[in-house]
Amino acid sequence: MRQNKNHPFEKILLVEMENLTIKLDYPDYISWAEFLLNPRRLRGSDFLMRWSQGVWSEHRLTQSINEQTNFYAIPYGPSSAAPHDNVREFELYFERLEDAGLGKVKRPDLLIFNKSEKDNIDEIIKKSGGIEELPFLKEDTMRELISKALVGIECENSLWVAQKMPDFQSKFTPQKRLGGKEGLKKAAVLPTIIIKEEDRPTLKEWQIRNNKQIHVWHVFYDRAYGIALDEAERLFNEGLIAPTIQVFQAPGGATTRKAIYKIYYQYAYPLGIAVEEPELKSAYVQDKNGHILPYVTFSGGKLKISQEAVEVLNGLKA
């Protein structure tokens with residue numbers, strides 16, 4: 001299956017093949033294939049954990065910004081406002097999004113405002129039908145909301161303890177594959193901010209159309225980092241960060257190759273550090289035939305927003 005035919009539900013749950021703990025090698029017959037959880041064939045706990053992880057990281061960022069700073073964050077992208085406590089409702093949400101013709105629209109996951117605008121923002125959202133309705137509204141109808149935003153945030157997350165990654169704090173050295181420019185070995189394992197090649201045009205288009213910057217925030221288990229999309233583009237254009245090809249698998253089993261950019265955290269600003277670790281809780285879903293699919297959810301934890309990140313947001317305000 002070609003990637004551009006993937007349903008939005010499958011696209012949001014794509015998992016890198018190297019991160020899958022359960023791999024199916026397409027046997028001739030799977031005895032429980034007719035008892036699948038939903039039409040999108042959610043076949044493994046990896047996809048459920050990916051869903052849980054994404055919801056948790058975006059909520060933790062929103063909560064941290066709203067509790068610790070003079071800024072106000074709201075969910076804006078489709079995945080941010082999607083149901084988070086029922087996988088079937090999550091799937092139906094994306095079916096509704098596709099039916100509305102908005103399944104292929106790329107919006108930043110969060111919008112951040114001055115906290116002094118909170119009452120105005122809440123009133124605009126209320127008139128629009130509530131947070132859960134924002135993804136179904138065309139942006140032309142949300143100009144007032146967008147005009148008040150300081151920045152759009154694209155969220156990414158990874159199942160790693162950043163400071164324990166093997167090449168954390170490694171020093172840059174000249175790299176042949178980068179034309180002699182400084183960097184790290186291709187196989188280096190360290191915190192990176194990931195941007196997909198397929199997302200670049202639409203994110204840049206959103207910036208231009210709305211005259212707002214987008215920053216990419218990447219959350220790890222213990223830390224988080226951020227970078228302006230414009231700064232990431234500079235790194236790409238100067239050959240300091242080269243694309244890599246990764247194989248992703250969707251819940252239905254289809255695989256696709258994507259070019260992604262892994263931006264070393266040394267080029268980013270520290271966004272925050274965990275001061276309370278999240279709990280990892282067991283959970284499961286059961287389909288109508290009684291098939292149980294277990295997975296792990298993330299709960300709680302607290303991220304302390306760094307002074308560097310506050311200064312970045314203050315700079316946008318200025």
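Contact, as used in these legends, means that heavy atoms lie within 4.5 Å. The model shown is predicted, so that local features need pLDDT of at least 70 and side-chain atom pairs count only at pLDDT 80 or more, while totals for chains, interfaces and linings use all residues. Residues are numbered from 1 along each chain as its sequence is written, and side-chain values use heavy atoms, with hydrogens and water left out.

**View 1. Surroundings of arginine 200.** Arginine 200 belongs to helix H7, residues 200-210 (helices are DSSP runs of H or I with at least four residues, strands runs of E with at least two, numbered from the N terminus). Leaving aside residues up to four places away in sequence, arginine 200 touches Ile195, Glu233, Phe236, Asn237 and Tyr261. Arginine 200 counts as buried because its relative accessibility is 10% (buried means under 20% relative accessible area, with a 1.4 Å probe and protein chains only).

**View 2. The open sheet.** Seven strands, in the order E2-E3-E4-E8-E9-E12-E15, make up an open sheet with mixed pairing (two strands pair if DSSP finds at least two bridges between them). Strand E2 (71-75) and strand E15 (302-305) are at the edges and have a single partner strand each, so one side of each lacks a neighbour in the sheet.

**View 3. Strands E9 and E12.** Strand E9 (residues 223-228) and strand E12 (residues 269-276) run antiparallel and are joined by four bridges. Within E12, glycine 272 is the bridge partner of alanine 224.

Technical notes:
Buried < 20%, exposed > 50% of the residue type's maximum accessible area, 1.4 Å probe, protein only.
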